[in-house]
Amino acid sequence: HSVYAVDKWGKDLIVVTDEGEIGLLNPLSPETPAISLPGILQDLDQRGIKAPMLLRVSSYLENEIAHINESFADAIARVGYKGRYRGVFPIKVNQQAQVIDRIVEFGQKYSYGLEAGSKPELVIALAHRLAREALIVCNGVKDAEFIRLAILSRKIGFNTVIVLESPREVDTVIEVYKELGIEPLLGVRVKLTNQISGKWEESSGDRSAFGMNTDQLVAVVDKLRDAGLSHCLKLQHSHLGSQVPDVNDVRRAVGEACRYFTELTREGVPLTHLDLGGGMGVDYTGEKKATENSINYTVEEYCANVVETVSYAMDEAGIKHPTLVTESGRAVVATSSMLVFNVLESTLYDAPSAPEVEPDDHHLLSDLAAVNGYLSAERLQECWNDASFYRNELRALFRRGYVDLRQMARAERIYLSLMARIKALVAAAEGETDVDDELKTLADIYHCNFSLFQSLPDVWAIDQLHPIVPLQMLNQTPDRRAVLSDITCDSDGKIDRFILSDGVSPSLPVHSLPEADEYYMGVFFVGAYQETLGDLHNLFGDTNVVTIDLRPDGGFDLLHEQEGDTISEVLSYVEFDPADCVAAFRKMVDEAISTGTLQSKDRKTLMNAYRDSINGYTYYE
Ligand code: PLP
């Protein structure tokens, strides 16, 4: 199982057990042995909860919140920083009630708050009484309604900061202030010119969509001063980006943010909070390198770099150390969710035996079959070329009508049997062979019970890599290689990039599917962004979602179950009324009875079939 590199990316949370299964370690109880993930699935199955399923591990979420808050606290103590850390969780990264409620509840002891980037997100934040002890940071484009609610929320004890994104927003704030007579708590979003490398390069630097340049910033300060509100400007927000791969970029960007902070302070703006936005990355591949899907730093290093950089800059400028705020989302929630699904069937790209060529078959079939006679480890490339040539010629003849269906089927099977022998010779070879690259195109297709578009949208849209691994049989050598295809009818619905011990591979080593048992796959670190970015392609809805807590005794508690969408629910999302659909179907059934094409006694069977579907899960059952 070392091929799956679980020990690299598993973060001491995901491991392979002695029984060859994926196990979950409890970070809050390090002595407890790992609990088997297939065992959890079996238990849930007995309770009637089936895959595909998103499994949220609450203990992992708590662990990450503690990790970030405590790492900042440690860095602050070590550096002798005089300010505090008051993080906020950006709601957009995972808006699900189960997640937000847990974050607020568990974050309370760290005065960990929330970031809202829209009106609905602010409404969520303001429904959490515990968040009053922390910060609520409002980013994004804001109309008067948004600003009014943010200001009014101060009256019931919320520390709601309105981060000004543009000079125009200042006018609205001033108007609402005049209307309400309540002073706002304000922040200002400063655009950093430092470009940060990585997948989200565009979200930083000069051309990023949000934040103000120096000219606008000065205009905003002047406007606030004229309106007598400059004393309300307490927070500077400078978002670093997302999934920042290189920690030196963090230092550079934080250094630039500090320059603005010290200049604004010199201007007489009484800033007390420096908010560095999101960006702390997740090491999806476990490479520990500054690459798109990995990072070259730990949480501790990130925190230390931020604290040190701000500390030096403020000391140099003779300015009081501000409260540090970050809006890390991905690093807080990604690890806590995993997607599990079963493999439904496979399309194999080799065959154990070849059929006999028949006397009337086209002579190219005999040529194809003859390759078997000279196939050897020394002549792999030649045999590959010949087999591919004859098969392609036969396909061309089939298209023109010179080869019939049965002959073509024999040809395909002879070809696949040759591929089986080539694969076996490659497997037995020591080191690389001439056909290694060619063989990668010959992976099986494992058809899996999930929708890429619903559950892993970033894999489809931006080539995000997540660790993917079979959950069982890991003490048996994988005997096949596969790409994974989902159950949407879209050829884009497939996964063909996998994190393996020797790098990213176009196919995943897998086992021949067991006869009787389910073969489960797990996709890890899917807690950030995926759930609400997912869409309803082919009308596959939300999967079942289960939240569990790992117990110190090695068991688990089921905290919450959210049943996946029914067909009736997804129909209503696209504005069909399920009752109307039933009525329309019933009408056609009754018409068929009237015309005599259907017997009355069959009415119930048809109606039940339609109703069962409409009430059922959208995935394969
Ligand atoms: N804050 C702001 C303003 C953002 O735009 C984002 C995401 O891009 C975040 C926080 C969260 O970033 P991340 O999930 O990378 O920590």
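This is a predicted model: local features need pLDDT of at least 70, side-chain atom pairs count only at pLDDT 80 or more; totals for chains, interfaces and linings use all residues.
**Notebook: strands, a helix, a cysteine and a ligand shell**

Strands here are DSSP runs of E with at least two residues, helices are runs of H or I with at least four, and both are numbered from the N terminus. Residue numbers run from 1 along each chain as its sequence is written.

I then checked the pairing, which requires at least two DSSP bridges between two strands. Strand β2 (residues 22–24) is joined to β3 by 2 bridges, and they run antiparallel. The open sheet has 3 strands in the order β1-β2-β3, with antiparallel pairing. β1 (14–16) and β3 (35–36) are at the edges with a single partner strand each, so one side of each has no neighbour in the sheet.

Next I looked up helix α10, residues 299–317. Its 19 residues should span 27 Å at 1.5 Å a residue, and the end C-alpha atoms are 27 Å apart, which agrees; the expected span is 1.5 Å times one less than the number of residues. I listed its buried residues, among them Tyr302, Cys303, Val306, Val310 and Met314. Buried means 20 or more other C-beta atoms within 10 Å of a residue's own, exposed means 12 or fewer, and partly exposed is in between, with C-beta atoms placed from the backbone. Those buried residues pack against α3 (58–79), α9 (247–266), β11 (273–275) and β12 (323–325); contact is C-beta atoms, placed from the backbone, within 7 Å. After α10 comes Gly318, with a positive phi near 70°.

Then I went to Cys232, which is in the loop between α8 (214–226) and β10 (233–237). I have Cys232 as partly exposed because 19 other C-beta atoms lie within 10 Å. Leaving out residues up to four places away in sequence, Cys232 touches Glu183, Pro184, Leu185 and Leu186.

Last, the ligand. I found 18 residues around it, with Ser242, Gly278, Glu327, Gly329 and Arg330 coming nearest; near means a C-beta atom, placed from the backbone, within 6 Å. The shell has 5 nonpolar, 10 polar and 3 charged residues. Nonpolar covers Ala, Val, Leu, Ile, Met, Phe, Trp, Tyr, Cys and Pro, charged covers Asp, Glu, Lys and Arg, and the others, Gly among them, count as polar.

Methods
Two residues are in contact if their C-beta atoms, placed from the backbone, lie within 7 Å.
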